Amino acid sequence: QVQPVESGGGLVQAGGSLRLSCAASGRTFSNYAMGWFRQAPGKEREFVAAISGAGMSTYYTESVKGRFTISRDNAKNMMYLQMNSLKPEDTAVYYCVAALRVSLVKTSPNSWGQGTQVTVSS
(Lines give C-alpha, C1' and ligand atoms only; values in the text may rest on other atoms or scores of the structure.)
Protein backbone atom coordinates (compact mmCIF):
# COMPACT_ATOMS: atom_id res chain seq x y z
CA GLN A 1 0.00 0.00 0.00
CA VAL A 2 1.21 3.47 -0.88
CA GLN A 3 1.13 6.24 1.74
CA PRO A 4 0.76 9.76 0.30
CA VAL A 5 2.04 12.96 1.93
CA GLU A 6 0.93 16.33 0.54
CA SER A 7 2.80 19.61 0.50
CA GLY A 8 2.77 22.93 -1.32
CA GLY A 9 -0.34 24.54 0.07
CA GLY A 10 -0.40 28.18 1.00
CA LEU A 11 -2.07 31.55 0.66
CA VAL A 12 -2.46 33.05 -2.79
CA GLN A 13 -4.44 35.86 -4.34
CA ALA A 14 -7.32 35.15 -6.69
CA GLY A 15 -5.99 34.59 -10.18
CA GLY A 16 -2.71 33.26 -8.89
CA SER A 17 -1.15 29.83 -9.14
CA LEU A 18 -0.02 27.15 -6.76
CA ARG A 19 1.52 23.73 -7.22
CA LEU A 20 0.71 20.94 -4.82
CA SER A 21 2.98 17.94 -4.46
CA CYS A 22 2.28 14.48 -3.17
CA ALA A 23 5.10 12.18 -2.17
CA ALA A 24 4.18 8.52 -1.89
CA SER A 25 6.07 5.71 -0.26
CA GLY A 26 6.24 2.22 -1.66
CA ARG A 27 8.08 0.33 -4.35
CA THR A 28 4.95 -0.12 -6.45
CA PHE A 29 3.94 3.52 -6.81
CA SER A 30 3.26 3.17 -10.52
CA ASN A 31 0.67 0.46 -9.82
CA TYR A 32 -1.52 2.97 -7.98
CA ALA A 33 -3.83 5.49 -9.46
CA MET A 34 -3.53 8.81 -7.64
CA GLY A 35 -5.76 11.77 -7.19
CA TRP A 36 -6.81 14.83 -5.25
CA PHE A 37 -9.81 15.65 -3.11
CA ARG A 38 -10.58 18.88 -1.33
CA GLN A 39 -12.81 19.87 1.54
CA ALA A 40 -13.80 23.33 2.67
CA PRO A 41 -15.10 23.90 6.22
CA GLY A 42 -18.75 22.96 6.46
CA LYS A 43 -18.83 21.50 2.97
CA GLU A 44 -18.79 18.01 1.54
CA ARG A 45 -15.54 16.46 0.46
CA GLU A 46 -15.13 16.98 -3.28
CA PHE A 47 -13.24 15.01 -5.89
CA VAL A 48 -10.83 17.22 -7.83
CA ALA A 49 -8.66 15.15 -10.17
CA ALA A 50 -7.28 11.69 -10.82
CA ILE A 51 -4.44 10.16 -12.79
CA SER A 52 -3.84 6.56 -13.79
CA GLY A 53 -0.80 4.61 -12.65
CA ALA A 54 1.20 5.21 -15.81
CA GLY A 55 -0.05 8.78 -16.13
CA MET A 56 -1.77 8.14 -19.43
CA SER A 57 -5.28 8.99 -18.26
CA THR A 58 -6.41 12.03 -16.30
CA TYR A 59 -9.78 13.13 -15.00
CA TYR A 60 -11.04 16.37 -13.52
CA THR A 61 -14.13 17.66 -11.87
CA GLU A 62 -15.85 20.17 -14.12
CA SER A 63 -15.15 23.19 -11.94
CA VAL A 64 -11.36 22.87 -12.33
CA LYS A 65 -11.10 21.81 -15.97
CA GLY A 66 -8.81 24.13 -17.88
CA ARG A 67 -7.33 25.51 -14.66
CA PHE A 68 -5.82 22.53 -12.86
CA THR A 69 -3.41 19.93 -14.24
CA ILE A 70 -2.61 16.65 -12.54
CA SER A 71 0.65 14.89 -13.34
CA ARG A 72 3.03 12.35 -11.86
CA ASP A 73 6.68 11.33 -11.95
CA ASN A 74 6.84 7.65 -11.14
CA ALA A 75 10.64 7.63 -11.04
CA LYS A 76 10.43 10.02 -8.08
CA ASN A 77 7.25 8.60 -6.52
CA MET A 78 5.72 12.05 -6.88
CA MET A 79 2.37 13.36 -8.01
CA TYR A 80 1.44 16.98 -8.61
CA LEU A 81 -1.50 19.30 -8.99
CA GLN A 82 -0.76 22.53 -10.82
CA MET A 83 -3.48 25.03 -10.00
CA ASN A 84 -3.81 28.14 -12.12
CA SER A 85 -6.37 30.95 -12.20
CA LEU A 86 -7.26 30.20 -8.61
CA LYS A 87 -10.58 31.37 -7.26
CA PRO A 88 -11.71 31.96 -3.68
CA GLU A 89 -13.99 28.95 -4.00
CA ASP A 90 -10.88 26.79 -4.46
CA THR A 91 -10.06 27.44 -0.81
CA ALA A 92 -9.99 24.09 0.96
CA VAL A 93 -7.81 21.45 2.50
CA TYR A 94 -6.47 19.39 -0.36
CA TYR A 95 -5.86 15.69 0.12
CA CYS A 96 -3.75 13.35 -1.95
CA VAL A 97 -5.24 9.88 -2.37
CA ALA A 98 -4.22 6.55 -3.85
CA ALA A 99 -6.40 3.84 -5.31
CA LEU A 100 -6.03 0.50 -7.01
CA ARG A 101 -7.18 1.87 -10.34
CA VAL A 102 -8.12 5.25 -11.67
CA SER A 103 -11.85 4.47 -11.72
CA LEU A 104 -11.68 3.92 -7.96
CA VAL A 105 -10.02 7.22 -7.07
CA LYS A 106 -13.31 9.08 -6.84
CA THR A 107 -15.39 6.39 -5.19
CA SER A 108 -13.08 4.40 -2.93
CA PRO A 109 -9.50 5.55 -2.49
CA ASN A 110 -7.64 3.33 -0.06
CA SER A 111 -4.93 5.73 1.14
CA TRP A 112 -5.16 9.37 2.17
CA GLY A 113 -2.57 12.00 2.89
CA GLN A 114 -2.74 14.38 5.83
CA GLY A 115 -3.97 17.32 3.77
CA THR A 116 -2.50 20.68 2.85
CA GLN A 117 -4.33 23.99 3.19
CA VAL A 118 -4.94 26.12 0.12
CA THR A 119 -6.35 29.58 0.76
CA VAL A 120 -7.27 31.91 -2.09
CA SER A 121 -7.97 35.50 -1.14
CA SER A 122 -10.29 37.75 -3.11
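Trainee: Does W112 count as buried, partly exposed or exposed?

Mentor: Happy to start there, with the reminder that this is a predicted model, where local features need pLDDT of at least 70, side-chain atom pairs count only at pLDDT 80 or more, and totals for chains, interfaces and linings use all residues. Residues are numbered from 1 along each chain as its sequence is written, and side-chain values use heavy atoms, leaving out hydrogens and water. Buried means under 20% relative accessible area, exposed over 50%, and partly exposed in between (1.4 Å probe, protein chains only). W112 has 26% relative accessibility, so the residue counts as partly exposed.

Trainee: What is the geometry of the ring pair Y95 and W112?

Mentor: Rings of Phe, Tyr and Trp (its six-membered ring) pair if their centres lie within 6.5 Å; planes under 30 degrees apart count as stacked, over 60 as edge-to-face and the rest as tilted. For Y95 and W112 the centres are 6.0 Å apart and the planes stand at 75°, so the pair is edge-to-face.

Trainee: And which class does the pair F37 and F47 fall into?

Mentor: F37 is buried at 5% relative accessibility, and F47 is buried at 13%. Their ring centres lie 5.7 Å apart with planes at 75°, so this pair is edge-to-face.

Trainee: Which residue has its charged end over the ring of Y80?

Mentor: A charge sits over a ring if NZ of Lys or CZ of Arg is within 6 Å of the ring centre and within 35 degrees of the ring normal. At 4.1 Å from the centre of the Y80 ring, the residue is R19.
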